[in-house]
Amino acid sequence: MPLDERPPAGPRGRTGASAEVAAGRWLSAAGWVVLARNLRVGPDELDLVALDPQHVPVVVEVRARSGPAFGSGTESVDTRKVGRLYRAAATLRRHGHPALPLGSFPVPLRVDLVTLRRDRLGRWQVEAHLRGLEPPEPGAAAGRRRRSW
């Protein structure tokens, strides 16, 4: 089964999958090339792997909210999550992945965050696209869980 056709698990999985599709379409309309969705790299999963318009490889974390009850998508990403994204990006760069058209990436992968929220008609709207999340400092994940991006 292709990576982007893996069946989502439960209502949260379906919500996340539809948000990832919406984020991928939004990025594609902006000139990005989405290479993979839901890519497993060791114990981690990358929502999207894409090339930005300047052909820089980017890992894109997608966070979606159907309403304001649980805060913003940006608030839901802590230093541990960013650390896992960078760990997976480093592994992907070193070893490549058979599902990607490129072998090992010659440059480090950037990590971005795209947040979405449903509008009144139930359509996904991009709230923010934060480019180049900074990797956590060594030891920061243990002491400081939240960081404002």
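1. The side chains of Arg 87 and Asp 44 meet in a salt bridge at 2.6 Å, N to O, where a salt bridge is a side-chain nitrogen of Lys or Arg within 4 Å of a carboxyl oxygen of Asp or Glu. Because Arg 87 lies in helix α2 and Asp 44 in strand β2, the pair ties together parts that are 43 residues apart in sequence. Arg 87 is partly exposed, with a relative accessible area of 42%, whereas Asp 44 is buried at 7%; buried means under 20% relative accessible area, exposed over 50%, and partly exposed in between, with a 1.4 Å probe and protein chains only. Helices (H or I, at least four residues) and strands (E, at least two) are DSSP runs, numbered from the N terminus.

2. This is a predicted model, in which local features need pLDDT of at least 70 and side-chain atom pairs count only at pLDDT 80 or more, while totals for chains, interfaces and linings use all residues. Residues are numbered from 1 along each chain as its sequence is written, and side-chain values use heavy atoms, with hydrogens and water left out.

3. The salt bridge count comes to 8. Among them, Glu 127 pairs with Arg 117, their closest N and O atoms being 2.8 Å apart, and this pair links strand β5 (residues 124-130) to strand β4 across 10 residues. Arg 63 and Glu 61 form another, at 2.9 Å between the closest N and O atoms, and both of these residues are buried. Asp 52, Arg 110 and Asp 112 are linked in a network of salt bridges.

4. Strands β1 and β2 run antiparallel and are joined by 7 bridges, two strands being paired if DSSP finds at least two bridges between them. Ala 36 stands opposite Val 49 in β2. The two strands form a hairpin with 2 residues between them, and Gly 42 in the turn has a positive phi of about 60 degrees.

5. Asn 38, in strand β1, has a positive phi near 55 degrees and counts as buried at 8% relative accessibility. His 55, in the loop between β2 and β3 (57-65), has a positive phi near 65 degrees and is exposed, with a relative accessible area of 59%.
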